[in-house]
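Subject: Structure handover and what was found in it

Dear colleague,

I am passing on a structure for you to look through, and below it I have set out what was found.

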Amino acid sequence: MSERLQAGDTAPAFSLPDADGNQVSLADHLGRKVIVYFYPAALTPGCTTQACDFTDNLEVFAGAGYDVIGISPDKPAKLAKFRESEDLKVTLLADEDKSVLEAYGAFGEKSLYGKTVVGVIRSTVVVDEQGKVERALYNVKATGHVAKLLRDLKVGA
């Protein structure tokens, strides 16, 4: 079971392929705040809701100095299909070996329909301009999470 991150921790570095196969790393975003969110699977109802909510609010986040990156264990080709089918604007990255999910504490045991399973824990980590964790949220809900994040970060208010 991976350790959960805490505010003040250094965000684990990563470099992963995006939907087009281009490498994107956390270091590319140094100097800007980054919202890194982890979701179980592209093209599923909850993950689609969440990705669309982030896309709908992308300009608001960008205006406040935040970049948004979504990470799942999907292959880049599936991410491309997800992006096209839902007209997503957020950067989607593929973590097929789940190493980044584990480094961020977003993979492990969770409760699903009353059963304990191992999988992706829907999580959001806000990283500051210096690469430090500003806040780490685990077991977030797909619906309403982006609105809560906007309120909590006092963005677009």
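Predicted model: local features only at pLDDT ≥ 70, side-chain atom pairs only at ≥ 80, totals over all residues.

Residues are numbered from 1 along each chain as its sequence is written, and side-chain values use heavy atoms, with hydrogens and water left out.

Salt bridges

D67 forms a salt bridge with R32, their closest N and O atoms being 2.8 Å apart, where a salt bridge is a side-chain nitrogen of Lys or Arg within 4 Å of a carboxyl oxygen of Asp or Glu. Because D67 lies in strand 4 and R32 in the loop between strand 2 and strand 3, the pair ties together parts that are 35 residues apart in sequence; helices (H or I, at least four residues) and strands (E, at least two) are DSSP runs, numbered from the N terminus. R32 itself is partly exposed, with a relative accessible area of 32%.

The structure holds eight salt bridges, and among them is the one between D20 and R83, with 2.9 Å between the closest N and O atoms. R83, which is partly exposed at 21% relative accessible area, also meets E84 in a salt bridge of 2.9 Å, N to O, and E84 is exposed, at 53%.

Five strands form an open sheet in the order 5-4-3-8-9, with mixed pairing; two strands pair if DSSP finds at least two bridges between them. Strand 5 (91-94) and strand 9 (133-138) stand at the edges with a single partner strand each, so one side of each is left without a neighbour in the sheet. Strand 8 (residues 123-127) and strand 9 run antiparallel and are joined by five bridges, and S123 stands opposite Y138 in strand 9.

Within strand 8 you will find T124, which is buried, with a relative accessible area of 0%. The side chains of T124 and H145 are joined by a polar contact of 2.7 Å, that is, a pair of N or O atoms within 3.5 Å, of which, within protein, one must be able to donate a hydrogen and the other to accept it, residues adjacent in sequence counting only if both atoms are side-chain atoms.

The cores

Which residues touch the most other members of the largest nonpolar core? Of its 25 residues, they are I35, F54 and F61, a nonpolar core being a set of buried Ala, Val, Leu, Ile, Met, Phe, Trp, Tyr and Cys residues joined through side-chain atoms within 4.5 Å. A second, separate core has 22 residues, including L5, L16, V36 and A106. In soluble globular proteins, nonpolar side chains tend to be buried together.

With best wishes

Technical notes:
Buried < 20%, exposed > 50% of the residue type's maximum accessible area, 1.4 Å probe, protein only.
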